[in-house]
Amino acid sequence: MHELSIAMSIVDIARDAVEKAGAREVEHIELEIGQLAGIELPALDFAWSEAVRDSVLARATREIRHIPGEARCMECQTTFPIQALYESCPTCSSPFTDIIHGKELRVHALTVH
Ligand SMILES: [Zn+2]
C-alpha cells in the first residue's frame with residue numbers, strides 16, 4: 001500500500017531527527033500534504049497507526065496542513081487554482097502549465113523531547 005510506505009518513510013525521517021537532537025521521542029509533527037499529491041487520508045490514517053507503533057512517533061500528536069492546488073500558465077503567466085493535474089489556463093486556454101502547489105508531501109515541522 002502506497003500510504004504505508006509513505007507513513008514508514010515519515011517514521012524514518014522522525015527517527016533521524018530524534019537521534020540528531022539527542023531526544024527520546026517526537027511530541028508533535030506537522031505534515032504538509034498537497035491536494036494533488038495522490039494521498040488518500042483515510043488510508044494514511046490507517047497506515048499511520050501501523051507505522052508509528054513502537055516508534056519515536058508512537059505518542060506524537062499529528063497535524064496535517066492541506067496545500068491547495070495552484071498552477072501557473074507557461075504562456076501568459078496567470079496563476080490559478082486547480083483541482084486536478086492538467087487543467088488548462090482559464091485566461092488563455094493554454095494546456096501548458098506548471099504545478100506550483102499541491103504536490104507537496106513533506107514533514108513541515110517536528111517537535112522532539
Ligand atoms: Zn494562460
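Mentor: With the naming of elements: strands are DSSP runs of E, at least two residues long, numbered from the N terminus. By that numbering, tyrosine 86 lies in the loop between β4 and β5 (97-101). Keep in mind that this is a predicted model.

Trainee: In what order do the strands β3, β4 and β5 form their sheet?

Mentor: First the general idea: strands of a sheet pair through backbone hydrogen bonds, either parallel or antiparallel. Here the three strands form an open sheet in the order β4-β3-β5, with antiparallel pairing. β4 and β5 are the edges; each has a single partner strand, so one side of each has no neighbour in the sheet. On average, neighbouring strands of this sheet are turned by 35° against each other, direction ignored. Between β3 and β4 there are four bridges, in the antiparallel sense. Glycine 69 stands opposite isoleucine 82 in β4.

Trainee: Which strands form the sheet with mixed pairing?

Mentor: That open sheet has three strands, in the order β2-β1-β6. Its edge strands are β2 (61-67) and β6 (105-112), each pairing on one side only. Neighbouring strands are turned by 15° on average in this sheet, again ignoring direction. Strand β1 (residues 26-34) runs antiparallel to β6, and seven bridges join the two. Histidine 28 has threonine 111 in β6 as its bridge partner. Helix α1 (residues 2-21) packs on the sheet, where it touches β1 and β6, and its direction makes about 35° with that of β6.

Trainee: Which residues are the protein donors of the zinc ion?

Mentor: They are Cys73, Cys76, Cys89 and Cys92, each through SG, lying 2.3 Å from the zinc ion. Along the chain these donors follow the spacing C-x2-C-x12-C-x2-C.

Trainee: Why is the arrangement around the zinc ion called tetrahedral?

Mentor: The ideal angle for four tetrahedral donors is 109.5 degrees. Around this zinc ion the four donor atoms subtend angles of 106 to 119°, which makes the arrangement tetrahedral.

Trainee: Which charged residue sits over the ring of tryptophan 48?

Mentor: Arginine 62; its charged end is 5.0 Å from the centre of that ring. A cut-off matters here: CZ of Arg must be within 6 Å of the ring centre and within 35 degrees of the ring normal.

Notes:
Residues numbered from 1 in each chain as written. Predicted model: local features only at pLDDT ≥ 70, side-chain atom pairs only at ≥ 80, totals over all residues. Heavy atoms only, no water. Pairing = 2+ DSSP bridges. Axes fitted to C-alpha atoms, helices over the stretch in contact; angles between N-to-C directions. Contact = heavy atoms within 4.5 Å. Donors = N, O, S within 2.8 Å, 3.2 Å for Na, K, Ca; no water. Tetrahedral: all angles 85-135°; square planar, octahedral: opposite > 155°, others 65-115°.
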